[in-house]
Structure formats: C-alpha cells, structure tokens
Amino acid sequence: MQSRLDKSPVATWWWTIDRWFLAAFLSLMGLGIVLSFAASPAVAERIGLDSFHFATRQIIFTVPALGVMLAVSFLESRQIRRMALIILGIMLVLMVAVLYIGVEVKGARRWVSFVGMSIQPSEFLKPAFVIVCAWLFAEHKRQPDIPGNLFAMLLLILVISLLVAQPDLGQTMLVTGTWGVMFFMAGLPWLWIIALGATGAGGLFAAYTVFPHVAARIDKFLTGEGDTFQVDMGREALINGHWFGVGPGEGTVKRVIPDAHADFVFSVAGEEFGLIMCFFIMSIFAFIVLRGLSTALKEHDDFTRYAVGGLVTVFGLQSVINMCVNLQLMPAKGMTLPFISYGGSSQIAIAISMGMVLALTRKRPEKRKQMGFALSQRALPAE
C-alpha cells in the first residue's frame with residue numbers, strides 16, 4: 001500500500017486516480033476473459049481450431065491492453081493532446097491506405113495487415129478524434145477568433161468521408177453522434193442542432209439508397225424477412241437464459257452463432273448466466289458513462305470537460321449499439337462490446353480511450369491550488 005507521504009510517480013498516481021473508474025474497467029476486462037471462455041470454444045471447434053484458441057488470444061490481448069491503459073493514465077493533459085495528434089495523423093493515413101491495400105471482409109475494407117497482424121485504423125482513430133476535437137472546441141471557447149469549431153467540423157467531414165468509403169456506417173454513426181454531444185457541450189446553438197439532425201437523417205437516407213447491404217439490414221430489421229439468423233439466435237439465447245441462466249458452458253445457441261465470441265457475446269452471457277448477468281454488465285457500462293459525464297460537467301477546464309464527455313459518450317454509445325443489436329432493437333452493426341467482445345484492435349483502442357479518461361479525471365494538485373487561489377481572489381474585498 002502506498003503512503004500519502006510517498007511522492008513517487010506511482011504513489012502520486014495511486015492517490016490521484018479515480019479508483020471507481022479503474023475498478024469498473026478492470027471488472028469489464030475480467031468479464032471479457034470469463035465470457036470468452038464461455039462463448040469462444042464452440043466457435044473455435046466449429047472452424048477447426050483448438051477449443052481455447054480465442055479465449056487464449058483474449059487473454060493475450062487483455063494483458064497489453066491493461067498495460068496501455070495504465071501507462072496512458074500517467075500522462076498529463078498536454079501529453080495526451082500530443083499523443084492524440086500523432087495517432088490521428090497516423091490513422092488518417094492508414095484509413096486512406098486501407099481503401100487500396102486493406103483486407104476486404106463481407107464487402108468492406110476496414111482492416112490493414114502488418115507483419116501478420118491485422119489492425120482496424122478506425123478503432124484507434126476514435127479516441128484521437130475525440131481529443132483533437134475537444135482541443136479545438138476548447139481553443140475556440142478560450143479565444144473566439146480561433147476557428148476551432150470550423151476546424152472540428154472539417155475534421156468530422158474528413159473522418160466521415162473515409163468511414164463511408166470503406167464503408168463502415170456503424171462507426172460513422174458513432175463518430176457523428178459523439179461529435180454532436182461534444183459540440184452541444186461546447187455551447188452549440190439550437191439552429192445547429194436542427195441542422196445536424198437534418199443532415200444525419202439525410203445521411204441515413206443516402207446510405208439506405210446508395211449501399212445495398214445497408215438497405216438489406218434495415219429492411220430485414222423492419223420486416224423481419226430475409227437472413228436474420230444471427231440476430232434471431234441472439235435474442236433466443238437471451239430468452240433461453242431466463243433470470244439465472246442455463247449454467248456455464250451449457251448454452252446451445254453459441255454453437256450456431258458465427259460471432260458468438262465477438263458481436264453476440266452479450267447474448268451468450270444472457271443464456272449461460274441469465275438476465276442477472278446482463279443487468280450487471282449494463283450497470284457497469286451505465287456507471288462508467290454517468291460518472292464520466294458527471295465528472296465532466298463539474299470540470300472547470302473546457303478541454304477536460306469536452307474530452308472526458310466525448311470519450312465516455314463514444315464508449316457508451318458503442319455499448320448501447322452492441323446490446324441493442326443483441327436484443328434485436330437495432331439492425332446488425334458489427335460493433336464490439338467494449339472490453340468484453342473478442343478483438344485485438346478493439347481492446348487496445350478502448351484501453352487507450354479509458355486510459356485517457358483515467359488521466360484526465362485524476363485529482364491534480366495544481367488544479368486544486370489554482371481553484372483555491374481563484375476562490376481566495378474572489379473573496380477579497382474590492383479596493
């Protein structure tokens with residue numbers, strides 16, 4: 001146990017970190033490993049791999065993800081901004097490259113391979129995009145003559161264009177929604193809200209018209225006709241589990257769902273551990289988002305407020321989308337459940353995001369001093 005008198009970086013980190021956030025993130029990582037052992041063996045056996053192939057890889061992904069999250073949580077705000085700029089630049093280049101040399105999966109190019117590893121640039125782009133936009137919004141708020149809002153909008157258009165070109169409509173919706181929340185926090189006028197809403201509706205209609213696979217998914221969701229096998233099985237798994245589940249390893253639906261260890265791991269959790277487990281998982285995500293937004297609203301620094309709000313928003317929206325797909329409340333999106341679904345790029349990228357949240361919400365002694373000085377100045381009588 002670290003002493004409060006210890007001024008080492010680790011001790012300082014321990015006494016300033018938001019331990020509720022840390023506990024929540026570690027809980028999700030632990031659940032991800034447990035549910036991987038429950039959901040992935042059937043998938044691995046079906047495609048001729050070792051039973052614990054995906055479960056072992058989930059652990060392999062989680063260990064560096066934990067290290068990355070903790071390492072990022074040591075950074076200062078200025079270092080986070082610099083890191084975000086570097087990541088954003090690299091990922092924008094890779095997102096252009098993926099259109100030409102990317103691996104095509106189910107009609108979309110979202111992955112690029114390096115020395116035997118596949119990386120999804122859009123996953124790493126999200127936290128960097130949030131931080132840079134928060135920085136731009138904050139600079140505009142600090143100095144209105146700086147066109148930060150305009151630059152943030154141009155960056156949004158660039159990112160959306162690259163995502164649509166892949167195409168990845170799920171990530172497009174996620175990025176746009178998060179950007180809208182951040183812009184609203186930055187004092188977005190109601191006219192802009194109406195304009196953005198109309199633009200979003202127009203974009204959805206355009207996607208439905210232009211991309212056949214988007215139209216097919218929406219039509220399947222609305223009519224219930226066509227190939228809705230995975231979604232139907234996911235809902236059936238949740239129904240089979242009732243309140244307390246059929247027991248670890250006893251689920252049957254996971255044996256026929258191709259993505260039981262990834263996009264539909266929430267359904268497997270419901271079948272084997274029951275709705276109690278589903279509510280527990282949902283409560284952790286809700287706690288993270290609500291605590292993050294509450295902390296952001298109390299923050300005096302504009303950049304920190306927008307950044308934390310944006311990071312927990314993208315985290316929460318991604319979670320909601322995944323769970324809604326499992327509950328057949330939304331068309332299939334191919335979006336992972338943060339820290340729980342199988343996936344290396346997703347794990348590391350989310351670890352970076354939540355490491356940033358931990359770093360930005362740390363109790364900074366210099367902040368307390370500045371706030372105390374400001375309050376004392378206000379308390380002084382006017383001369």
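W13 counts as buried because its relative accessibility is 9%, where buried means under 20% relative accessible area, exposed over 50% and partly exposed in between (1.4 Å probe, protein chains only). This is a predicted model, so local features need pLDDT of at least 70 and side-chain atom pairs count only at pLDDT 80 or more, while totals for chains, interfaces and linings use all residues. Residues are numbered from 1 along each chain as its sequence is written, and side-chain values use heavy atoms, with hydrogens and water left out.

**Around W13**
- You'll find W13 in helix α1, residues 9-16; helices here are DSSP runs of H or I with at least four residues, strands are E runs of at least two, and numbering starts at the N terminus.
- Skipping residues up to four places away in sequence, W13 touches L22, L70, S73, F74 and R362, with contact meaning heavy atoms within 4.5 Å.
- L70 sits 57 residues from W13 along the chain, with 9.8 Å between their C-alpha atoms.

**The core**
- The largest nonpolar core has 100 residues, and M69, I131, F137, W179, I281, F339 and I340 have the most contacts inside it; such a core is a set of buried Ala, Val, Leu, Ile, Met, Phe, Trp, Tyr and Cys residues joined through side-chain atoms within 4.5 Å.
- Leaving aside neighbours within four places in sequence, F137 contacts N149, A152, W179, M182, F183, A186 and Y306.

**The whole protein**
- The protein has 14 helices and three strands.
- Of its 383 residues, 49% are buried.
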